[in-house]
Amino acid sequence: MDFELARLPALERYKLIIGLVIPRPIGWVSTWNDNGVANCAPFSFFNAISEDPPLCILSFNRRSDGAMKHTLKNIHRTGEYVVNLADESTANAMHVSSFEIPETESEFAKTGLTPAPAKMVKHPRIAEAAASLECKVERIIEFGPERELVIGEILLIHAREGIVDPETKRVSEENYRPVGRLFANRYCTTRQRFDLPGALPGPCATE
Ligand SMILES: Cc1cc2nc3c(=O)[nH]c(=O)nc-3n(C[C@H](O)[C@H](O)[C@H](O)COP(=O)(O)O)c2cc1C
């Protein structure tokens, strides 16, 4: 079965892409708006793409009324933002923070989350998050009126106590329990982890 994307309406392309490219990591972005209201929302067209320089990407479409998402507006205005990483303990708040609310209301207040000061950017991080990446915009690429890609340089990583060993920088598999996005309202945990033996015979073998 083949699907030539140029022949499909955007909604069907969206369904195929978000249904097949799973699970996706979730960048839970926190910002202040220009009236000092703390905003946060999840974005799963998100990933880390480089360590030197340290970069991550986020891709935004429009709100249901066609307006720019509040997060993107705040990023455009300040050139900075915080990407928080959601885990099992914060999954519900992360999901609820995706609901469209007016700019005058805060998703922090709605979900009981706490804004904590970041160190290198002016926006808040989410105190309850497993980890937070303080970012400044490296560049923004527009793909038509509906899509903008924000490439951010990660300046500082804050991790909740117990997530990272400060000496080895190893992340604790026991304590870090991220969730991934599937599609619609569906998510997955990362509970079933497994090893693959090195040097498998066959086409995927490594030297
Ligand atoms: C798990 C999840 C992932 C999402 N990923 C994206 C995304 O990658 N890009 C996007 O534009 N919207 C995405 N959304 C929708 C936004 O979270 C939603 O539009 C939110 O209301 C934006 O808030 P804001 O206007 O305060 O920025 C996602 C929603 C959920 C629940």
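Reader: What share of the contacts with a separation of 6 or more comes from residues 24 or more positions apart?

Author: Contacts can be sorted by how far apart the partners sit in sequence. In this predicted model, residues 24 or more positions apart account for 60% of the contacts with a separation of 6 or more.

Reader: And how many helices and strands does the chain have?

Author: There are four helices and 11 strands. The radius of gyration is 18 Å, close to the 17 Å from the globule rule for 207 residues, so the chain is as compact as a globular protein of that length. Along the principal axes, the C-alpha atoms fill a box of roughly 60 × 50 × 30 Å.

Reader: How do I read the surface and the interior? What percentage of the residues count as buried?

Author: Buried means under 20% relative accessible area. By that cut-off, 37% of the 207 residues count as buried. The accessible surface comes to about 12,500 Å², and carbon and sulfur atoms own 55% of that area.

Reader: What about charge? How many positive and negative side chains are there?

Author: The chain carries 24 positive and 28 negative side chains. The centres of these two sets lie 4 Å apart.

Reader: Let's zoom in on a helix. Which residues of H2 are buried?

Author: Helix H2 spans residues 70-78, and its buried residues are His 70, Thr 71, Leu 72, Asn 74, Ile 75 and Thr 78. Their cover includes strands S1 (27-32), S2, S4 (54-60), S5 (80-85), S8 (131-143) and S9. Just after H2 comes Gly 79, with a positive phi of about 75 degrees.

Reader: Where is Asn 39, and which residues does it touch beyond its neighbours within four places in sequence?

Author: Asn 39 belongs to strand S2, residues 38-43. Its relative accessibility is 6%, so Asn 39 counts as buried. Beyond those sequence neighbours, Asn 39 is in contact with Val 29, Ser 30, Thr 31, His 70, Thr 71, Asn 74, Glu 107 and Phe 108.

Reader: What does the side chain of His 123 pair with?

Author: The side chains of His 123 and Thr 78 are joined by a polar contact of 2.8 Å. A polar atom of the His 123 side chain also lies 3.1 Å from the backbone oxygen of Glu 80. Leaving out residues up to four places away in sequence, the residues that His 123 touches include Ser 30, Trp 32, Asn 74, Tyr 81 and Ala 118.

Reader: And Glu 173: buried or exposed?

Author: The cut-off for exposed is over 50% relative accessible area. Glu 173 has 52%, so it is exposed. This residue is in the loop between strand S9 (147-159) and strand S10 (180-181). Its side chain makes a polar contact of 3.1 Å with the side chain of Arg 193.

Conventions
Residues numbered from 1 in each chain as written. Predicted model: local features only at pLDDT ≥ 70, side-chain atom pairs only at ≥ 80, totals over all residues. Heavy atoms only, no water. Helix = DSSP H or I, 4+ residues; strand = E, 2+ residues; numbered from the N terminus. Rg over C-alpha atoms; globule rule 2.2 N^0.38 Å. Buried < 20%, exposed > 50% of the residue type's maximum accessible area, 1.4 Å probe, protein only. Contact = heavy atoms within 4.5 Å. Areas by Shrake-Rupley, 256 points an atom, 1.4 Å probe, with all protein chains shown as cover. Lys, Arg positive; Asp, Glu negative; His and termini not counted. Charge placed at Lys NZ, Arg CZ, Asp CG, Glu CD. Polar contact = N/O pair within 3.5 Å; in protein donor to acceptor, adjacent residues only side chain to side chain.
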